[in-house]
Amino acid sequence: MSPMRGLTTLKIWVVPRGEYMLTLKARGVLVDGSLNELREELCLTRKAIQYIVDALWELDKLPTLNQLHQMFYKMLRNQGFRAHQCKQIYKYARALVKSTRENNGKKPVLRKLSTRLDRYDVRVDLENRIVVVKLRDKVFRIKLLHNKDYIRKFLRRKWYEVIVSIDKQGRIWICIPFRWEYNPYKSKRLFSIDINLKKVVIYNGRRVRRIDTRFTEALYLKHLAEDVQKRHSYAWRRNKKWLEIIRALHRKSRNIVVDWSRKFAKYIVLKAKSTRSAIVLEDLDKLWFDASRKSSSLADKLSRFAYRKLQQAILTKVIEYNVPVIFIDPRNTSSTCPRCGYKLSYNHRLAICPRCKFIADRDEVGAINIYLKAFKLLAPCLGSWGTHSMTDETRPKSGCKIDEPMTIHIKTYTSI
Ligand SMILES: [Zn+2]
């Protein structure tokens, strides 16, 4: 009955080596073809996908790809879509219906102007930062506006599809998911990161470092948006000006979180690489996505969002730079004494151990405990770094590799 049998109580997860997808995302400008024509093509594609979604939604059982081909290929061809475009259209419609049903959602209504193209209908020339897409009988040459270094990272890597879209501001976006081999190095040290709304705390086994986040700024903007909504009770829904203001505040808030997370992720991952360290993080999904704990306060919602974005950003960067990352079970990281394991008492943010008199700031305790949870399991792998003043771990003679220890339960992250 027990699903836990066979696993140790102390659990950590690693991102396994293997193949992942990293996406090149860049704005584009047309060098050949008109924006109106491109928009028209995307509208037509959206219409076709929606038509198929509507049709599939009526069916109890989803048709196979072969059946879809029988049902829709001819009709799509008659509208001028290219052979592979047709396939992309019904494949995407099917996937959309399938995933919506699995999540018990309502019938999907497509709003975004975007289309997926496979290699037969698009040419990607990263050296010159040009993407040429063929939609029906039209050809569009799009120049990627991202900087050269960013684009160069993806040179000579494999890709399967290109997503072209136009946003509300009329800007063109190109997304290309690339295959990426993740092969993390053997780490010599660890450093842990404890993430709060106000700051992240980093611990390398010796020193604690704090870095201010910009998440409280993002939270402030959310509060402003809420204030506007409250002040105008329900009227804001119908008032274009207020609606625009509220949307802009949410957008700004989101951008702050995403930008800061990316910057921090890059900083921390390069830092880890330069010291041959593995990064240790709490796996907060379990705590936060537990329905019983889900809170709807703005601060909690933003924390969840920020943590998810930061985790995503770190995962993307570790895969890019082959840095090992370890997730630990977040339970009790701020409530137990890092030195003796006794339950801590708190005086505001100051943690005190009634048994061994250990005293530290709350975030320090979190970062140290996160570090120790991974450290206790991995000490034998860390060579001369495998000792720590707060544990009794002694180093066994036999070495082991950090990515293949016996007690590690692997949770797979298939794509990011
Ligand atoms: Zn203690």
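1. Helices H2 and H3 lie oblique to each other. Keep in mind that this is a predicted model. H2 covers residues 65–78 and H3 covers residues 83–102. The two pack at an angle of about 130 degrees, and their axes are 9 Å apart.

2. The crossing of H2 past H3 is right-handed. On the H2 side, the contact uses Leu65, Leu68, Phe72, Tyr73, Leu76 and Arg77. H3 supplies Cys86, Ile89, Tyr90, Lys91 and Arg94. What kinds of residue make up this contact? Eight are nonpolar, three are charged and no polar residue takes part.

3. Now the loop between strands E5 (130–135) and E6 (138–144), where Arg136 sits. Its phi is positive, about 50 degrees, although Arg136 is not a glycine. Is Arg136 buried, exposed or partly exposed? Arg136 has 15 other C-beta atoms within 10 Å, so it is partly exposed. The buried class needs 20 or more, and the exposed class 12 or fewer.

4. Asn332 belongs to the loop between strand E13 (325–328) and strand E14 (345–347). Asn332 also has a positive phi, near 65 degrees, and is a residue other than glycine. How is Asn332 classed, buried or exposed? Asn332 counts as exposed because it has 12 C-beta neighbours inside 10 Å. The exposed class takes 12 or fewer.

Conventions
Residues are numbered from 1 along each chain as its sequence is written. This is a predicted model: local features need pLDDT of at least 70, side-chain atom pairs count only at pLDDT 80 or more; totals for chains, interfaces and linings use all residues. Axes are lines fitted to C-alpha atoms, for helices over the stretch in contact, and angles run from 0 to 180 degrees between N-to-C directions. Helices (H or I, at least four residues) and strands (E, at least two) are DSSP runs, numbered from the N terminus. Angles under 35 degrees count as roughly parallel, over 145 as roughly antiparallel, 65 to 115 as roughly perpendicular and the rest as oblique. A crossing is left-handed if the near helix is turned anticlockwise from the far one by less than a right angle, and right-handed if clockwise. Two residues are in contact if their C-beta atoms, placed from the backbone, lie within 7 Å. Ala, Val, Leu, Ile, Met, Phe, Trp, Tyr, Cys and Pro count as nonpolar, Asp, Glu, Lys and Arg as charged, and the others, Gly among them, as polar.
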